[in-house]
Amino acid sequence: MKWSTVDTAVGPFTAVVDTAGAVLASGWTARLDELLPLIAPELRTADPVEATDLGPVTRAVRAYHDGDLHAVDGVPVHQVSGPFREHAWDVLRKVPPGEPVTYTEYAALAGRPQAVRAAAAACSRNAAALFVPCHRVLRSDGTLGGFRWGLPVKRWLLDHEAAAA
């Protein structure tokens, strides 16, 4: 495993990747200790080594923050959980930038319209922020709801996507 931090317009962004380059955890922090507990134990194969650059992941993070909203789409992500949550994370990667959905709409997109709490739990347990864009899910009244990396970051991301979309 490797990790690296990149400065962005909204603050430091750190990503942890596996040996194949798939994102295991990421978010707007410079602290590795905030990301490691988010990685499923079976995916933590070794102590992560700091790198100055994570290649395609670093390029995608920079490009996204510079306005290429689709730069992160092709970056592989590796998270493990139950079948619904893993499916919900895959579905979330298909929510277009600039077109946020409500938790109710997200549950329906994931094939379980009554499972709004399960959809919300998929967002809250998402380790790969930005690459699995949980920031694109809002409360039914249009308010932000929660976000592990803070509501100011979530607001910035949504505004950034709305302006560039």
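Reader: How many salt bridges are there between domain 1 and domain 2?
Author: The count between domain 1 and domain 2 is zero, where a salt bridge is a side-chain nitrogen of Lys or Arg within 4 Å of a carboxyl oxygen of Asp or Glu. This is a predicted model, in which local features need pLDDT of at least 70 and side-chain atom pairs count only at pLDDT 80 or more, while totals for chains, interfaces and linings use all residues. Residues are numbered from 1 along each chain as its sequence is written, and side-chain values use heavy atoms, with hydrogens and water left out.
Reader: And how many residue pairs are in polar contact across that interface?
Author: Four, with both residues at pLDDT 80 or more. A polar contact is a pair of N or O atoms within 3.5 Å; within protein, one must be able to donate a hydrogen and the other to accept it, and residues adjacent in sequence count only if both atoms are side-chain atoms.
Reader: Which elements give two or more residues to the domain 1 side?
Author: Strand E3 (23-27), H1 and helix H2 (56-65). Helices (H or I, at least four residues) and strands (E, at least two) are DSSP runs, numbered from the N terminus. E3 gives the largest share, five residues.
Reader: What area do they bury between them?
Author: About 1400 Å², 76% of it on carbon and sulfur atoms. Buried area is the accessible area (1.4 Å probe) that two parts lose on being put together, summed over both. In domain 1, Trp28, Leu38 and Tyr64 lose the most area to domain 2, together 48% of what that side buries.
Reader: Switching to Thr58: buried or exposed?
Author: Thr58 has 2% relative accessibility, so it counts as buried; buried means under 20% relative accessible area, exposed over 50%, partly exposed in between (1.4 Å probe, protein chains only). Thr58 is in helix H2, and a polar atom of its side chain lies 2.7 Å from the backbone nitrogen of Leu54.
Reader: What about Pro48, where does that lie?
Author: Pro48 is in the loop between helix H1 (32-35) and strand E4 (49-50). Its relative accessible area is 19%, so Pro48 is buried too.
Reader: Which residues is Pro48 in contact with, leaving aside neighbours within four places in sequence?
Author: Met1, Trp3, Leu32 and Leu36, contact meaning heavy atoms within 4.5 Å. The C-alpha atoms of Pro48 and Leu32 are 9.1 Å apart.
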